Amino acid sequence: MAKGKNYRDSVKELDLTKAYEAKEAIENVLKTAKAKFDETIELHVRLGVDPKQADQQVRGTVVLPNGTGKDVKVLVIAKGEKAEIAEKAGADIVGAEEIIAKILSENYLDFDVVITSPDMMGQMGRVAKILGPKGLMPSPKSGTVTTDIEKAIKDTKAGKVEYRVDKTAIVHCPIGKKSFGVEKLLENYEALMEAIVKAKPSAAKGQYVKSVYTASTMGPGIKVNHR
């Protein structure tokens with residue numbers, strides 16, 4: 001796919017073979033974020049793991065100190081007292097069987113995160129094939145299947161992100177928006193990298209963090225010197 005003029009101009013300004021210190025890398029990303037909208041700034045981390053092995057999966061969550069810059073629409077599937085707690089805690093949509101039926105019959109997906117109580121997981125299996133491919137299926141590992149519905153909602157609204165290694169052993173994750181500026185993005189970067197490093201599987205051998213790149217939605221990837 002042909003790259004736009006802004007992209008080509010950005011590439012001319014940088015040495016894409018160089019690994020920059022984190023702060024300088026983020027500064028360069030902001031310089032190259034030339035789209036007319038508030039671009040998302042992303043982190044792409046290649047890990048020395050084999051994602052095909054169950055004991056080398058890397059997955060977890062972290063609350064970014066400055067959030068993601070995105071308004072997150074939260075669906076909570078729960079009943080009774082837990083549904084009442086969800087409504088008071090600021091969930092955007094709260095329901096039970098009727099929401100599951102709507103997802104099934106209408107392919108309803110007007111939400112960004114699904115949180116559910118453990119007692120509803122038996123019924124959630126009915127929509128796993130719809131939610132799973134979209135990355136929306138609740139999971140205990142991501143903290144979206146929980147008895148503490150209130151905390152899950154507040155963490156999600158505060159900027160909790162899930163990171164997980166893909167089939168090519170890369171973690172892709174947002175760290176904020178261009179409008180955040182260097183310092184806030186750097187704080188988010190450090191929080192995410194610390195979480196990924198702590199999540200190193202004991203079965204992973206050799207160099208764990210192979211490479212780190214940061215980029216804006218429309219800009220080139222800039223290599224970060226991660227120690």
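Here are legends for close-up views of this structure, which is a predicted model.

**View 1. Five strands form an open sheet.**
Welcome to the sheet, whose strands follow the order S1-S10-S9-S2-S8, with mixed pairing. Strands S1 (19-20) and S8 (170-177) stand at the edges; each has a single partner strand, so one side of each is left without a neighbour in the sheet. As a reminder, strands of a sheet pair through backbone hydrogen bonds, either parallel or antiparallel.

**View 2. Strand S1 meets strand S10.**
Here S1 and S10 (residues 222-224) run parallel and are joined by two bridges. To find your way, look for Ala19, whose bridge partner in S10 is Lys223. Helix H2 (residues 22-32) packs on the sheet here, touching S1, S2 (40-47), S9 (209-216) and S10. The direction of H2 makes about 165 degrees with that of S10.

**View 3. Helix H3 has a buried side and a face turned away from it.**
Three alanines, Ala83, Ala86 and Ala89, are the buried residues of H3 (residues 80-89). Seen down the helix axis, these buried residues fall within an arc of 130 degrees, so they line one face of H3. What do they pack against? Their neighbours are strand S4 (74-77), strand S5 (93-95) and helix H7. On the face turned away from the buried side, you will find the exposed residues Glu81, Glu87 and Lys88. After H3 comes Gly90, with a positive phi near 105 degrees.

**View 4. Ser139 sits in a loop between two helices.**
The loop runs between helix H6 (128-131) and helix H7 (149-158). Is Ser139 buried or exposed? Its relative accessibility is 10%, so Ser139 counts as buried, the cut-off being under 20%. Leaving aside residues up to four places away in sequence, Ser139 touches Arg59, Thr144 and Val145.

**View 5. Val63 belongs to strand S3.**
Strand S3 covers residues 59-63. With 36% relative accessibility, Val63 counts as partly exposed. Which residues does Val63 touch, not counting those up to four places away in sequence? They are Asp155, Ala158, Gly159 and Lys160. Now look for Leu185: Val63 and Leu185 are 122 residues apart in sequence, and 13 Å apart in space, C-alpha to C-alpha.

Methods
Residues numbered from 1 in each chain as written. Predicted model: local features only at pLDDT ≥ 70, side-chain atom pairs only at ≥ 80, totals over all residues. Heavy atoms only, no water. Helix = DSSP H or I, 4+ residues; strand = E, 2+ residues; numbered from the N terminus. Buried < 20%, exposed > 50% of the residue type's maximum accessible area, 1.4 Å probe, protein only. Contact = heavy atoms within 4.5 Å. Arc of directions from axis to C-beta. Pairing = 2+ DSSP bridges. Axes fitted to C-alpha atoms, helices over the stretch in contact; angles between N-to-C directions.
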